[in-house]
Amino acid sequence: MKQLEDAVFHRDLTKNYPIITHGKGIYLYDECGKEYIDASSGAVAANLGHSNKKIAQAMFDQASKVGFVHTMRFETEVLHQLATKIVQLAPSTLNKVYFTSGGSEANESAIKLARQYHRDKGNKDKQIVIGRWQSYHGNTLGSLSVGGDVKRRKPYTANLIKTEHIYSPYCHQCPYEYEEETCIRQNNLACANDLARKITELGAENVSAVIMEPIVGSQQGAVVPPKGYFKRVREICDQNDIVLIIDEVMTGFGRTGTNFAIEQFEIEPDIMTFGKGISAGYAPLAGMIVNDKIVDGIIKNSAGQFVHGFTYSGHPVLAATGLAALEVYEEESVLENCQHVSKYVFECLEQLKEGSKIISDVRGRGLLIGIELVKDKEKNLLFDPKEQVANRVNTIAMDLGAVFYPGSGGIDGLYGEHLIVSPPLNITKKEIDKMVSILTEAIHLVEEELFKKE
């Protein structure tokens with residue numbers, strides 16, 4: 001038999017990772033007994049923290065009944081129960097749920113559904129999808145193609161499908177060099193109007209869908225669009241018969257203080273994808289919620305069949321996990337807690353910003369909060385990407401007992417450092433104080449390193 005010290009293909013083969021043995025609430029514990037505050041909810045997924053007994057029991061109970069059925073032939077009661085729960089939370093016109101195992105699959109499914117919808121009703125040339133730079137929609141080739149993560153796209157450029165991109169709205173570092181107040185006062189949002197320009201350039205008859213995160217997540221660090229942005233985007237899509245896909249994989253299920261972030265912008269998408277928070281990280285579960293117009297089109301023009309599918313779509317144990325998680329959200333008033341503590345976290349982080357040399361912006365909604373890091377706040381001078389400042393802050397924070405979500409390249413794919421603060425939605429104020437204390441110390445230690453020559 002082979003003798004191997006380590007058979008894992010790690011995310012980074014040059015690193016040694018702490019081995020986590022268990023978790024409880026907002027905390028993780030490694031094999032040496034070290035405690036970490038999970039201040040990023042993993043990858044903004046563990047919305048309910050760790051070791052929730054109700055969710056674990058629901059997984060066990062369902063696996064004990066039936067662990068797998070193929071949805072080409074069978075369905076389960078728990079699948080229907082979960083779909084109904086999700087639809088009750090979703091915008092009013094979104095009434096059918098298609099399940100996948102992850103957010104990448106969900107966005108891939110949405111892209112394909114939009115294409116089939118147009119093709120089968122006679123618009124065979126509608127196939128181009130427009131995404132946004134510095135966005136993230138997944139790592140499959142389709143979802144990577146519509147995403148705007150320059151570093152992730154670059155190694156696979158030759159394999160990507162034809163897509164188009166516009167800039168994400170980023171008022172703090174506006175790519176169009178406008179002021180947010182001016183845009184809103186003049187009712188002339190360059191970032192939204194650029195979508196109309198791109199569609200004119202491509203020809204509306206060739207554009208199938210537009211895909212956007214309601215609040216840009218990992219690639220820019222919780223960037224909220226300006227007022228009126230999504231109403232204008234919705235208007236443009238309607239005028240040109242284009243499917244609007246809203247990616248709520250990171251923002252859904254209470255993360256931003258509402259069930260779905262798009263509620264805050266008062267529009268309804270044609271397709272809304274979800275993941276992460278639906279199972280609170282306990283199982284790989286995701287999917288898309290589809291509006292009545294598209295469902296009716298598939299019934300009328302495609303004999304009711306979406307030419308697509310995954311082995312684990314609608315998996316009973318995953319569905320039971322999601323159903324139990326949604327019940328915990330409701331029973332423990334998790335959404336209300338997020339709304340309540342969010343203001344407190346923002347106040348704490350604004351205080352940290354005031355006393356910091358490198359924090360230029362604190363933004364976001366609910367408990368999806370971004371901190372932007374710059375070399376000089378007065379001159380808005382950016383860090384050299386080689387300095388890896390966000391990673392350095394997080395590394396020190398981990399040593400001190402908390403893990404955050406560092407990011408880089410938020411401005412142009414190379415420059416722009418940020419840190420996401422996204423603890424479990426049931427965090428308490430006492431736990432927030434401890435989390436912010438660790439972050440404050442980490443920021444100040446990095447500042448000492450950076451400015452020790454002064």
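The model is predicted, so to speak of a local feature takes pLDDT of at least 70 and a side-chain atom pair counts only at pLDDT 80 or more, while totals for chains, interfaces and linings use all residues. Residues are numbered from 1 along each chain as its sequence is written, and side-chain values use heavy atoms, with hydrogens and water left out.

**Exercise 1.** Work out how α12 and α14 lie against each other, and which residues make the contact.

*Step 1.* Find the helices, which are DSSP runs of H or I with at least four residues, numbered from the N terminus (strands are runs of E with at least two). You want α12 at residues 334-354 and α14 at residues 429-450.

*Step 2.* Take the axes, which are lines fitted to C-alpha atoms over the stretch in contact, with angles from 0 to 180 degrees between N-to-C directions. They come within 11 Å and cross at roughly 25°.

*Step 3.* Name the arrangement: under 35 degrees counts as roughly parallel, over 145 as roughly antiparallel, 65 to 115 as roughly perpendicular and the rest as oblique. So α12 and α14 are roughly parallel.

*Step 4.* Contact means heavy atoms within 4.5 Å. On α12, the residues involved include Tyr344, Cys348 and Leu352, and on α14 they include Ile432, Val436 and Ile443.

*Step 5.* Sort the contact residues: 10 are nonpolar, three polar and two charged. Here Ala, Val, Leu, Ile, Met, Phe, Trp, Tyr, Cys and Pro count as nonpolar, Asp, Glu, Lys and Arg as charged, and the others, Gly among them, as polar.

**Exercise 2.** Now try α3 with α11, then α4 with α10.

*Step 1.* The axes of α3 and α11 (residues 316-331) come within 9 Å at roughly 40°, so this pair is oblique. The crossing is left-handed.

*Step 2.* Among the residues that meet are Leu79, Leu82 and Ile86 in α3 and Ala319, Leu323 and Leu326 in α11. The tally for this contact is 10 nonpolar, two polar and two charged.

*Step 3.* For α4 (residues 103-120) and α10, the axes come within 9 Å and cross at roughly 55°. That pair is therefore oblique too, and its crossing is left-handed.

*Step 4.* Leu113, Gln116, Tyr117 and Asp120 of α4 touch Lys293, Ile294, Gly297, Ile298 and Asn301 of α10. By class that gives four nonpolar, three polar and two charged residues.

**Exercise 3.** Describe the second largest pocket and the largest cavity.

*Step 1.* On a 1 Å grid over the protein atoms alone, a cavity is a set of points where a 1.4 Å probe fits but cannot get out, a pocket is an open set with protein on both sides within 12 Å along at least five of seven lines, and lining residues have an atom within 4 Å of a point. Points are joined across faces, edges and corners, and a volume is the space filled by probe spheres set on them.

*Step 2.* The second largest pocket has a volume of about 950 Å³. Of its 29 lining residues, Glu75, Val97, Tyr98, Phe99 and Phe306 are closest to the centre.

*Step 3.* α3, β4, β10 and α10 each supply at least two lining residues. The lining has 16 nonpolar, 11 polar and two charged residues.

*Step 4.* There is one cavity of 30 Å³ or more. The largest cavity has a volume of about 90 Å³, and the closest to its centre of 13 lining residues are Cys171, Cys174, Cys183, Cys191 and Pro226.

How values were computed
Left-handed = near helix turned anticlockwise from the far one by under 90°.
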